[in-house]
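This report goes through selected local features of one protein model. Please look at the sequence and the structure before reading on.

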Amino acid sequence: MKKQVSLFFLLVLLVCYGASAQNKIKVACVGNSITEGAGLTQPYPVVLQQLLGDGYEVRNYGMGGRTLLKKGDFPFWNEAKYQDALSWNPDIVIIKLGTNDSKPQNWKFKDEFIPDYVQFVNSFKKLPSKPKVYVCTPVPVFEEKFSIRKEVVNTEVLPAVKKVAKKTKVKTIDLYTPFLGKADLTYDGIHPNDAGAALLAQEVFKGLKIKAPKAASR
């Protein structure tokens with residue numbers, strides 16, 4: 001009898017957990033190594049999860065070195081993580097790509113950056129979940145490494161991202177301004193350290209303008 005009661009309560013817990021998981025608002029963080037946060041104790045999606053609370057499920061779809069450009073050296077388009085993000089059918093999508101596109105071998109296709117980015121945003125907007133999509137401006141480049149070019153990021157990629165937001169009618173999250181003059185929040189002049197990832201998460205959280213956790217609509 002005790003065994004049957006225990007099994008009953010276990011089933012109830014599993015059902016409740018499954019229902020709770022289904023009701024969570026799904027947040028997909030799509031991006032490059034700055035999103036992936038390799039080597040960090042808490043990449044920004046982890047901190048964002050803490051800020052949003054239990055009503056949300058945040059997943060990290062960041063991959064180091066990936067480009068937004070389809071003709072880039074390592075396009076995010078070609079990765080399984082891109083398909084995984086689409087298949088998850090998220091409610092909110094946060095895109096932070098463009099830094100690696102500034103490399104010479106990639107930016108030679110700069111005329112295709114905006115059209116590719118528009119298509120990328122629309123691939124999420126067309127999902128059954130009809131997610132709210134946000135595009136992030138790049139974090140400032142303080143040191144030129146890995147062929148990433150400061151001038152290109154600051155004067156070309158940055159305004160291009162804003163144009164994409166306008167064309168696709170999505171919100172922009174400014175990650176450029178909050179990091180100005182704060183090279184100490186990176187560990188190599190490009191990638192945020194743990195403190196930088198925390199700031200990044202706070203800015204994304206502010207950009208989402210979420211007042212309080214709420215249940216998903218479906």
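## Basis of the values

The model is predicted, so local features are given at pLDDT of at least 70 and side-chain atom pairs at pLDDT 80 or more, while totals for chains, interfaces and linings use all residues. Residues are numbered from 1 along each chain as its sequence is written, and side-chain values use heavy atoms, without hydrogens and water.

## Helix H4

Helices (H or I, at least four residues) and strands (E, at least two) are DSSP runs numbered from the N terminus. Helix H4 spans residues 80-87, and its buried residues are Tyr82, Ala85 and Leu86. They lie on the same side of H4 because they cover an arc of only 100° around the axis, the arc being that of the directions from the helix axis to the C-beta atoms. Buried means under 20% relative accessible area, exposed over 50%, and partly exposed in between, with a 1.4 Å probe and protein chains only.

What do the buried residues of H4 pack against? Their partners are strand E1 (25-31), strand E2 (56-62) and helix H6 (113-125), where contact means heavy atoms within 4.5 Å. Ala80 and Ser87 are exposed and sit on the face of H4 turned away from its buried side.

## Asn89, after the helix

Asn89 belongs to the loop between H4 and strand E3 (92-96). Just after H4, this residue adopts a positive phi of about 55°. Asn89 is buried, at a relative accessible area of 17%.

The side chain of Asn89 is in polar contact with the side chain of Ser129, at 3.2 Å. A polar contact is a pair of N or O atoms within 3.5 Å; within protein, one must be able to donate a hydrogen and the other to accept it, and residues adjacent in sequence count only if both atoms are side-chain atoms.

## Aromatic pairs

The whole structure contains ten aromatic pairs. The rings of Phe76 and Phe120 are edge-to-face, because their planes stand at 85°, with the centres 6.0 Å apart. This pair links distant parts of the chain, 44 residues apart: Phe76 is in the loop between E2 and H4, and Phe120 is in helix H6. Phe76 is buried, with a relative accessible area of 0%, and Phe120 is buried, also with 0%. Tyr82 and Phe124 form an edge-to-face pair as well, with centres 6.1 Å apart and planes at 70°. Here too distant parts of the chain are linked, Tyr82 in helix H4 and Phe124 in helix H6, 42 residues apart. Both Tyr82 and Phe124 are buried.

Rings of Phe, Tyr and Trp (its six-membered ring) pair if their centres lie within 6.5 Å; planes under 30 degrees apart count as stacked, over 60 as edge-to-face and the rest as tilted. Through ring pairs, Phe76, Trp77, Tyr82, Phe120 and Phe124 form a cluster. The charged end of Lys70 sits over the ring of Trp77, 4.5 Å from the ring centre; the criterion is NZ of Lys or CZ of Arg within 6 Å of the ring centre and within 35 degrees of the ring normal.

## Salt bridges

How many salt bridges does a search of the whole structure find? The search finds six, a salt bridge being a side-chain nitrogen of Lys or Arg within 4 Å of a carboxyl oxygen of Asp or Glu. One of them joins Lys110 and Glu156, at 3.3 Å from N to O. Lys110 lies in the loop between helix H5 (104-107) and H6, whereas Glu156 lies in helix H7 (residues 150-168), 46 residues apart. Lys110 is partly exposed at 40% relative accessible area, and Glu156 is partly exposed at 28%.

Glu57 and Arg59 form a salt bridge with the closest N and O atoms 3.1 Å apart. Glu57 is partly exposed at 23% relative accessibility, as is Arg59 at 33%. In the salt bridge between Glu203 and Lys206 the closest N and O atoms are 3.4 Å apart. These two residues are about one helical turn apart, because they are three residues apart in helix H8 (residues 194-208). Glu203 is buried, at 14%, whereas Lys206 is exposed, at 53%.

## Other positive phi values

Most residues other than glycine have a negative phi. Phe146, in the loop between strand E4 (132-136) and H7, is not a glycine but has a positive phi of about 55°. Lys169, in the loop between H7 and strand E5 (171-173), has a positive phi near 60°. Lys169 is exposed, at 76% relative accessibility.
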